[in-house]
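Dear colleague,

Please find the structure below, handed over for your reference.

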Amino acid sequence: MATRFVRLTDHPLFSGALVLAFLAVLVLPGQTLLAQEAGADEDVTYTRDIAPIIQQNCQICHRPASVAPMSFMDYRDVRRYARRIKDQVARRLMPPYHYDTGNGIQDLKNDWRLSEEEIDAIVTWVDNGTPEGDLADMPEAMVWRDEQMWQQEDRLGPPDHVIKTLPFDVPADGGDMWWRPVVPTEMTSERWIRAMEVRPSFPAGRQVVHHANPKLLRLKDDGDYQPLGNLSEYAMGKIGEIVPEDAARLIKPGDKIEWDTHYYPMGYEVPGDQIELGIWFYPEGFEPQFTQNLRLYPLQGDIFLEPGGTSMTQGFYRWDHPVRIDSFQPHGHVHLHGMQIKAIYPDGKQEMLSMVSDFDARWHHSYIFDDDKAPLLPTGTVLVMTGWYENTADNPLTDSEMFYSRGSRTVDEMSHAWIAVSHLDEEGLERIETEREAKSKVTSEDGDGSN
Ligand code: HEC
């Protein structure tokens with residue numbers, strides 16, 4: 001995270017000109033069209049309109065001792081960075097979420113994106129010279145929860161089981177560092193997992209841990225271990241992995257965790273750092289309706305990037321039973337520009353499910369679909385994954401004079417998606433479909449269905 005936050009490309013939808021064009025027709029909440037026409041967007045003030053947006057969407061990272069290099073805790077700080085803030089939010093680069101707006105499924109859990117109205121308010125406020133407004137309008141300061149607490153603790157209490165990495169000494173200086181210890185789970189009985197969360201140490205770990213993925217290894221009869229995919233996946237700012245209520249993942253005695261962690265020195269030593277995995281179980285004896293797993297789905301094809309060149313990879317997957325796609329996370333390095341998943345249903349109909357066209361390797365998100373919107377794929381559906389790569393002067397993260405290909409160093413490329421899948425049967429699929437239909441009827445009878 002020590003590098004400057006740079007975009008890979010502009011998203012054409014959010015070019016400055018277009019945002020301004022939007023503004024001309026947009027009515028901000030609380031304003032009349034007439035006032036807008038009269039040029040009264042001067043009305044947008046820091047205390048009333050902007051502070052709430054910054055508090056709720058930015059301060060979690062932009063405050064002292066958090067991950068961002070600058071603090072947005074008061075008016076002066078925010079005003080000082082106003083132009084950069086406008087630029088970053090108008091291009092949807094901050095908050096760092098990078099999920100396409102208006103493309104594919106839009107209903108996501110823990111969605112960090114600002115609304116169009118919030119973006120427009122910030123742009124207008126900056127264009128109007130960052131007026132402070134009436135101090136009486138200023139919202140109460142945010143109350144930050146105890147930093148030592150697990151994010152899911154409010155909802156679930158402390159975790160039932162905690163598994164740690166082995167201690168790692170993070171030096172003050174240097175580049176990317178990888179730490180992959182294998183540790184026992186210390187499970188004494190088989191349990192179904194309800195939720196998981198990876199937590200770096202606080203405050204130091206919060207800044208130097210770039211990502212940390214605990215992979216589950218299952219002991220086989222022949223004494224070898226079989227990798228079963230990630231249990232969870234942590235990247236800065238991420239909440240834990242929530243397993244949908246009708247599905248669960250199993251953990252057994254003898255299982256091990258292979259950690260895949262990525263540290264980035266931030267200018268001070270962090271001796272003996274440990275990262276924790278917290279696990280919440282369903283009660284003993286619980287039987288889930290479906291099992292769920294999170295695993296890597298590879299995209300094939302040579303990634304051969306000539307100087308100035310581009311490349312594309314694709315992966316195809318078909319299950320022999322119906323499935324529900326619960327989450328999608330693209331994985332690539334600095335050349336990955338975008339990734340998409342698409343369904344080709346047995347009747348030939350195609351649907352684009354999810355798209356990240358401004359991928360940034362420094363922010364890893366698992367985009368978790370809302371329970372009622374997670375795509376259902378009947379038996380025989382083909383999931384098509386497509387990745388696009390860019391080694392051009394437009395991509396500031398690459399040296400576009402060089403050749404690149406597949407590999408595991410940061411400068412090499414990779415191509416896969418992490419996808420959480422609930423494994424259904426025909427009956428389960430039908431039941432979910434019927435429940436969703438019934439729900440959508442209720443909403444449409446309730447009114448216009450909006451919330
Ligand atoms: C999850 C953490 C996180 C959240 C949430 C977040 N930021 Fe950031 N932001 C960062 C980090 C980390 C950097 C430094 C990135 C870098 O420069 O490499 C950054 C950098 C920036 C920059 C400087 C970029 C540049 O190079 O000019 C601006 C401006 C910014 N953020 C604005 C915002 C605003 C406005 C919000 C809320 C609407 C926000 N950020 C939300 C983590 C966050």
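In what follows, a residue is called buried if 20 or more other C-beta atoms lie within 10 Å of its own, exposed if 12 or fewer do, and partly exposed in between, with C-beta atoms placed from the backbone. Helices (H or I, at least four residues) and strands (E, at least two) are DSSP runs, numbered from the N terminus. The model is a predicted one, in which local features need pLDDT of at least 70 and side-chain atom pairs count only at pLDDT 80 or more, while totals for chains, interfaces and linings use all residues. Residues are numbered from 1 along each chain as its sequence is written.

I begin with the helices. Helix α5 spans residues 82-90, and its buried residues are I85, K86, V89 and A90. Viewed down the axis of α5, these buried residues fall within an arc of 115°, so they line one face of the helix; the arc is that of the directions from the helix axis to the C-beta atoms. After α5 comes R92, which has a positive phi, near 55°.

Which residues of α6 does α5 meet? On the α5 side, A82, R83, I85, K86, V89 and A90 take part, and they meet I119, I122, V123 and V126 in α6. Contact here requires that the C-beta atoms of two residues, placed from the backbone, lie within 7 Å. The axes of α5 and α6 come within 9 Å and cross at roughly 150°. Axes are lines fitted to C-alpha atoms, for helices over the stretch in contact, and angles run from 0 to 180 degrees between N-to-C directions. The two helices α5 and α6 are therefore roughly antiparallel to each other (angles under 35 degrees count as roughly parallel, over 145 as roughly antiparallel, 65 to 115 as roughly perpendicular and the rest as oblique).

Helix α3 (residues 46-57) has Y46, D49, I50, A51 and I54 as buried residues. These pack against α4 (75-80) and α6 (116-127). The loop between α3 and α4 holds M73, a partly exposed residue with 17 other C-beta atoms within 10 Å. M73 lies 22 residues from A51 in sequence, and their C-alpha atoms are 9.1 Å apart in space. Residues up to four places away in sequence aside, M73 touches Q59 and R63.

I turn now to the strands, where two strands pair if DSSP finds at least two bridges between them. An open sheet is formed by 4 strands in the order β16-β22-β18-β19, with antiparallel pairing. Its edge strands, β16 (310-318) and β19 (350-356), each pair on one side only. From one strand to the next, the twist averages 20°. Within this sheet, β18 (residues 336-344) and β22 (residues 382-390) run antiparallel and are joined by 8 bridges; Q340 stands opposite T386 in β22.

Strand β11 (residues 247-251) has 4 of its 5 residues buried, so it is largely enclosed by the rest of the structure. Strand β6 (residues 191-199) pairs with β11 in the antiparallel sense over 3 bridges, and I193 stands opposite R249 in β11. With strand β15 (residues 290-298), β11 pairs in the parallel sense over 2 bridges; there A248 faces T291 in β15.

Lastly, K164 is in strand β2 (residues 161-164) and counts as partly exposed, with 15 C-beta neighbours inside 10 Å. K164 and I275 are 111 residues apart along the chain, yet their C-alpha atoms are separated by 5.7 Å.

With kind regards
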